[in-house]
Amino acid sequence: TLPLKGIKDVEGYFREFQKELYKKTKLMCSIGVATTKFVAKMASDYQKPMGLTIIRNKDVPKMLFPLEIEKMFGVGKKTYPRLRQVGVKTIGDLYNRIEKEDEEIKNIMGKFFYTAKDWLNCKGSDEIEVEPWNPKSIGNSTTLAHDTIEFSELKETFLLLAKEVSARAIKERKLGNTIQITVKDIEFNSHNKSMTIDNAINDEKTIYRVACDLYEKNFLGTNVRLLGITLQNLIDPQDMAIQMTLFDYETHEEQSKTKLLINDLNRKLKKPNLVRASEVKKK
């Protein structure tokens, strides 16, 4: 969030912000100002391009409730048709049904029901993450088109999952040395097995091979409903290079200390009696 305390002309402040952004980047932006991220997001979509919309809490019913339900942030393409089928045509309609704890709406929206309730009552987070996202693991899972015990079919799914996980890891510039698979059976029991390998990787071939090995060793014959693959213990390639460089330096430093000690002892003995084992091998 931007510091607005003490600013008398808030609208002018944001107009100058837009102007400077366009001047430096040639990018146009619409700005929404509110007390929560949800309302600010809705406000930013209110006028485009280069719009500036300030929505105070008391103005939410007047400005947002008349909007069509598909314009509500968080209500996806699969959800809004179902809401329309039960008479929810506007954001205001949804608000009224939510306030009545409507069971039909709960069934359609699931856990998002309570999030939407907070959002429409101007509650919820107003904090913005400014640090870059740094994932600890990257995973993908999929529910199968039909339950199966056929490993040949499951291998095809593992291959697709390995490609997805690899692509995401490459995009995020991450390597990992632990591969975990998730298997959910027809009774919805979830099982995890993992393997840690020597080198950190993000290539699909290794991810696929390890995933298949884990399945063969632990789950052959299981009637499977869902499969997942997760790449864990992630590290930046740059960090790994630094760690390897430090390791090489420490090894070199240790070898140098050993060589200095041997030279010192040989000087005291006045004979080159002592050498490192590696030198004996070479000779």
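I take helices (H or I, at least four residues) and strands (E, at least two) as DSSP runs, numbered from the N terminus. Residues are numbered from 1 along each chain as its sequence is written. I am reading a predicted model, in which local features need pLDDT of at least 70 and side-chain atom pairs count only at pLDDT 80 or more, while totals for chains, interfaces and linings use all residues, and side-chain values use heavy atoms, with hydrogens and water left out.

**Entry 1**

I looked up S44 and found it in helix 2, which covers residues 37-44. Taking contact to mean heavy atoms within 4.5 Å, I find S44 touching S30, I31 and G32, once its neighbours within four places in sequence are set aside.

I then followed the chain into the loop between helix 2 and strand 2 (52-54), where P49 is placed. The peptide bond joining K48 and P49 is cis, with omega at about -5 degrees. M50 is found in the loop between helix 2 and strand 2 as well, and M50 has a positive phi of about 55 degrees although it is not a glycine. I noted both because most residues other than glycine have a negative phi, and most peptide bonds are trans. With a relative accessible area of 27%, M50 is partly exposed.

**Entry 2: helix 8**

Helix 8 runs over residues 151-171, and its 21 residues reach 30 Å from the first C-alpha to the last, close to the 30 Å expected at 1.5 Å a residue; the expected span is 1.5 Å times one less than the number of residues. I listed its buried residues as F151, L154, T157, F158, L161, A162, V165, S166 and A169. What covers these buried residues includes strand 3 (137-148), strand 4 (176-185), helix 9 (204-218) and strand 6 (224-232). Just after helix 8, R173 takes a positive phi of about 55 degrees.

**Entry 3: the sheet**

Which order do the four strands of the open sheet take? I read the order as 3-6-4-5, with antiparallel pairing, where two strands pair if DSSP finds at least two bridges between them. Strand 3 and strand 5 (190-201) stand at the edges, each with a single partner strand, so one side of each is left without a neighbour in the sheet. From one strand to the next, the twist averages 15 degrees. Strand 4 and strand 5 pair in the antiparallel sense over eight bridges, and Q180 stands opposite S194 in strand 5.

Helix 8 packs on the sheet by touching strand 3, strand 4 and strand 6, and its direction makes about 155 degrees with that of strand 3. For such angles, axes are lines fitted to C-alpha atoms, for helices over the stretch in contact, and angles run from 0 to 180 degrees between N-to-C directions. Helix 9 lies across strand 4, strand 5 and strand 6, running at about 140 degrees to strand 5.

**Entry 4: aromatic rings**

A search of the whole structure gave me nine aromatic pairs. Rings of Phe, Tyr and Trp (its six-membered ring) pair if their centres lie within 6.5 Å, and planes under 30 degrees apart count as stacked, over 60 as edge-to-face and the rest as tilted. The rings of Y13 and F14 have centres 5.3 Å apart and planes at 85 degrees, so this pair is edge-to-face. Y13 is partly exposed at 28% relative accessible area, whereas F14, at 5%, counts as buried.

The rings of F151 and Y215 are stacked, because their centres are 5.4 Å apart and their planes are at 5 degrees. This pair links distant parts of the chain, with F151 in helix 8 and Y215 in helix 9, 64 residues apart. F151 is buried, with a relative accessible area of 15%, and Y215 is buried at 0%. I also recorded one aromatic cluster formed by F38, F73, F112 and W119.

**Entry 5: F188**

Is F188 buried or exposed? F188 has a relative accessible area of 55% and is therefore exposed. F188 lies in the loop between strand 4 and strand 5, and its phi is near 65 degrees, a positive value in a residue other than glycine. R225 lies over the face of F188, at 4.5 Å from the ring centre; a charge sits over a ring if NZ of Lys or CZ of Arg is within 6 Å of the ring centre and within 35 degrees of the ring normal.

Conventions
Buried < 20%, exposed > 50% of the residue type's maximum accessible area, 1.4 Å probe, protein only.
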